[in-house]
Amino acid sequence: MVRVLGIESSCDETGVAIYDSDRGLLADSLHSQIKLHNEYGGVVPELASRDHIRRITPLIKETLSTAKCQLTDLSAIAYTAGPGLAGALLVGASVAESLSFALSIPALPIHHLEGHLLSPCLSDTPPQFPFIALLVSGGHSQFMKVTQVGEYELLGESVDDAAGEAFDKTAKLLGLPYPGGPHLAKLAATGNPKRFHFPRPMIHSGDLMMSFSGLKTAVSLTVSQYQKEDYNDIAASFEAAVVDTLCAKAVHALKLTGIKQLVIAGGVGANLKLREQLTSVIKQQGGSVFYPPLKLCTDNGAMIAYAGAQKLLSGQLPVQKESFAIYPRWDLQVYSTRYKS
């Protein structure tokens, strides 16, 4: 049995959780900075870092209390070491490494994307290895082949804007508040997705590469020609274009690899239209789709605690290091070389 405290502080959410390999997720605390950044229309890195400093210690105490355990009951401290905002990452990393030193237990630097890739394993019906993961968030749109914990192969990604970034930028064009993705999806639910035909970028490229920048430009030109009362139809048509593109690429990913299990992770994975259409098209291909619980689609400590626990259970420990470091830009496959069995 292992019990791991997970700390996530890569951007604008402070997440702390405790995962027990026998009992599952014991506690999961999260503080969102949405209200803090809303007036600026996006994340202000310095404000994000300062807020992490204010929130992280109270959240750790709250999480320990909810889990009914002490620091001395922990097997390890897992923390997001990258990618993310440098100042925000430093807050979580310094607290985690300090606790590790004080308690004489391992500190496990976890890749943010690994946490997302493994988050569906926290659902009631987890996938089995191997599986194809579609990671869709504000910063990433990638297809990964996940053979086992720590073994990841990039199959394709966006060449420009991530899907979540396109959602947020389109929402801003429509005058919607930050963060734009959820607000755009809500507006789209009242619109006609067939009124405007926006491009489905690279849908016939024959590979798993994606592009959403041109789609965003097409929406921008349309917005300039119509009135506010048309915005729900624009939102619905934009959402349909993104969903159609991701679904087509997902089907192609399963055909290319012969793997029948698809995992969806990241903030855009909470989009109900994407969930509905993906489940349908993948089922038609004889496959299955797995999602994390809705509350674990966005950044959270639970996915970091779980990833850390799986590292320990599989005998993977960080390569010996003299001091800790954070990695604002960090390739997932390079990250895997930091661990050894």
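Which residue in β2 does isoleucine 7 stand opposite? That one is answered in point 1, and the rest of this note collects other spots worth a look. Keep in mind that this is a predicted model.

1. **The β1-β2 hairpin.** The residue opposite isoleucine 7 is valine 16, in β2. Strand β1 (residues 3-8) runs antiparallel to β2, and 6 bridges join the two. Together β1 and β2 make a hairpin, with 4 residues between them.

2. **On to β3.** β2 also pairs with strand β3 (residues 24-32), again in the antiparallel sense, this time over 8 bridges. If you want a pair to click on, take aspartate 20, which stands opposite glycine 24 in β3.

3. **How enclosed is β2?** Strand β2 (residues 13-20) has 8 of its 8 residues buried, so it is largely enclosed by the rest of the structure. In a regular strand, side chains alternate between the two faces of the sheet. For β2, one side carries Glu13, Gly15, Ala17 and Tyr19, while the other carries Thr14, Val16, Ile18 and Asp20. All of these are buried, which leaves both faces covered.

4. **The five-stranded sheet.** Further along there is an open sheet of 5 strands with mixed pairing, in the order β8-β7-β6-β9-β10. Its edge strands, β8 (151-157) and β10 (288-290), each pair on one side only. From one strand to the next, the twist averages 25°. Within this sheet, β6 (residues 131-136) and β9 (residues 261-265) run parallel and are joined by 4 bridges. Alanine 133 has valine 263 in β9 as its bridge partner.

5. **Helices on that sheet.** α8 packs on the sheet and touches β6, β7 (141-148), β8 and β9, with its direction at about 155° to that of β6. Helix α9 (residues 272-284) packs on the sheet too, touching β6, β9 and β10, and its direction makes about 150° with that of β10.

6. **Serine 237.** This residue belongs to helix α8 (residues 231-257). Is serine 237 buried or exposed? Its relative accessibility is 0%, so serine 237 counts as buried. The serine 237 side chain reaches the backbone oxygen of asparagine 192 at 3.4 Å. Neighbours within four places in sequence aside, serine 237 contacts Asn192, Pro193, Lys194, Arg195, Phe196 and Phe198.

7. **Alanine 88.** You'll find alanine 88 in helix α3 (residues 86-103). Alanine 88 is buried, at a relative accessible area of 0%. Although 39 residues separate alanine 88 from serine 49 in sequence, their C-alpha atoms are 4.5 Å apart. Not counting residues up to four places away in sequence, alanine 88 touches Ser9, Ser10, Cys11, Ser49 and His52.

8. **Aromatic rings.** The model has 8 aromatic pairs. In one of them, the ring centres of tyrosine 327 and tryptophan 330 are 4.4 Å apart and the planes are at 20°, so this pair is stacked. Tryptophan 330 has 10% relative accessibility and counts as buried. By contrast, the tyrosine 335 and tyrosine 339 rings have centres 5.7 Å apart and planes at 70°, so that pair is edge-to-face. Both tyrosine 335 and tyrosine 339 are buried.

9. Tyr327, Trp330, Tyr335 and Tyr339 are linked into a cluster by ring pairs.

Notes. Residues are numbered from 1 along each chain as its sequence is written. This is a predicted model: local features need pLDDT of at least 70, side-chain atom pairs count only at pLDDT 80 or more; totals for chains, interfaces and linings use all residues. Side-chain values use heavy atoms; hydrogens and water are left out. Rings of Phe, Tyr and Trp (its six-membered ring) pair if their centres lie within 6.5 Å; planes under 30 degrees apart count as stacked, over 60 as edge-to-face and the rest as tilted. Buried means under 20% relative accessible area, exposed over 50%, partly exposed in between (1.4 Å probe, protein chains only). Contact means heavy atoms within 4.5 Å. A polar contact is a pair of N or O atoms within 3.5 Å; within protein, one must be able to donate a hydrogen and the other to accept it, and residues adjacent in sequence count only if both atoms are side-chain atoms. Two strands pair if DSSP finds at least two bridges between them. Axes are lines fitted to C-alpha atoms, for helices over the stretch in contact, and angles run from 0 to 180 degrees between N-to-C directions.
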